[in-house]
Amino acid sequence: MRIIVDAMGGDNAPQAPVQGALQAVKEYGIEVVLVGRGEEILKAVHNEGVAELPQGLSITHADQVVEMCDNPATAFKEKKDSSLTVGLNMVKAGEGDAFVSAGSTGALLAAATLLVKR
């Protein structure tokens, strides 16, 4: 199973999503793709005492972040290189089995409905 994670979503991003991804790869043997600002994600990985990405963990770079103040209905259209939009497009393209984000619920719902469909 391959889970795509919005590493830039949530209050403690990217540290909290990185912690969860490292734990999931280690304990469950699943593949996790962290989507977001690559340098910030790598720094968070190093903050966890991990020198190199473990097998099963990868990073897909996305420059932009959907902020909580962004309009949920249009954020994914206005920020095409956001971690949320890039991650959902990866699911749509069959590059992952699921997408997880602790970011804007409204933007996630709107983007998932319009990009991935039902």
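Let's start with helix 4 (83-92), which is mostly covered, with 8 of its 10 residues buried. Buried here means under 20% relative accessible area, exposed means over 50%, and partly exposed lies in between, using a 1.4 Å probe and protein chains only. Helices (H or I, at least four residues) and strands (E, at least two) are DSSP runs numbered from the N terminus. Before going on, please keep in mind that this is a predicted model, in which local features need pLDDT of at least 70 and side-chain atom pairs count only at pLDDT 80 or more, while totals for chains, interfaces and linings use all residues. Residues are numbered from 1 along each chain as its sequence is written, and side-chain values use heavy atoms, with hydrogens and water left out.

The buried residues of helix 4 are S83, L84, T85, V86, G87, L88, M90 and V91. Their cover includes strand 1 (2-6), strand 2, strand 3 (57-61), helix 3, strand 4 (98-100) and helix 5. Just past the end of helix 4, G94 adopts a positive phi of about 80°.

Now for the packing. A nonpolar core is a set of buried Ala, Val, Leu, Ile, Met, Phe, Trp, Tyr and Cys residues joined through side-chain atoms within 4.5 Å. The largest one has 17 residues, and I4, V35 and L84 have the most contacts inside it. Two or more residues come from each of strand 2 (31-36), helix 3, helix 4 and helix 5 (105-116). Helix 4 is the biggest contributor to this core, giving 5 residues. Looking at L84 itself, and leaving aside residues up to four places away in sequence, its contacts (heavy atoms within 4.5 Å) are D6, V66, F76, F99, S101, A107, L108 and A111. Another core lies apart from the largest one and has 16 residues, among them A21, L22, I41 and L57.

Next, follow the loop between helix 3 (75-78) and helix 4 to find K79. K79 counts as buried because its relative accessibility is 19%. What does the side chain of K79 make a polar contact with? Its partner is the side chain of D70, at 2.7 Å; a polar contact is a pair of N or O atoms within 3.5 Å, where within protein one must be able to donate a hydrogen and the other to accept it, and residues adjacent in sequence count only if both atoms are side-chain atoms. A polar atom of the K79 side chain also lies 2.8 Å from the backbone oxygen of V65.

D70 sits in the loop between strand 3 and helix 3, and is buried at a relative accessible area of 18%. The D70 side chain also reaches the backbone nitrogen of E67 at 2.8 Å. That loop between strand 3 and helix 3 holds D63 too, which is partly exposed at 47% relative accessible area. The side chains of D63 and H61 are joined by a polar contact of 2.6 Å. Beyond residues up to four places away in sequence, D63 touches R37 and D81.

Finally, the largest pocket is lined by residues including R37, V65, V66 and E67. Its lining divides into 5 nonpolar, 4 polar and 3 charged residues.

Note on methods
On a 1 Å grid over the protein atoms alone, a cavity is a set of points where a 1.4 Å probe fits but cannot get out, and a pocket is an open set with protein on both sides within 12 Å along at least five of seven lines; lining residues have an atom within 4 Å of a point. Ala, Val, Leu, Ile, Met, Phe, Trp, Tyr, Cys and Pro count as nonpolar, Asp, Glu, Lys and Arg as charged, and the others, Gly among them, as polar.
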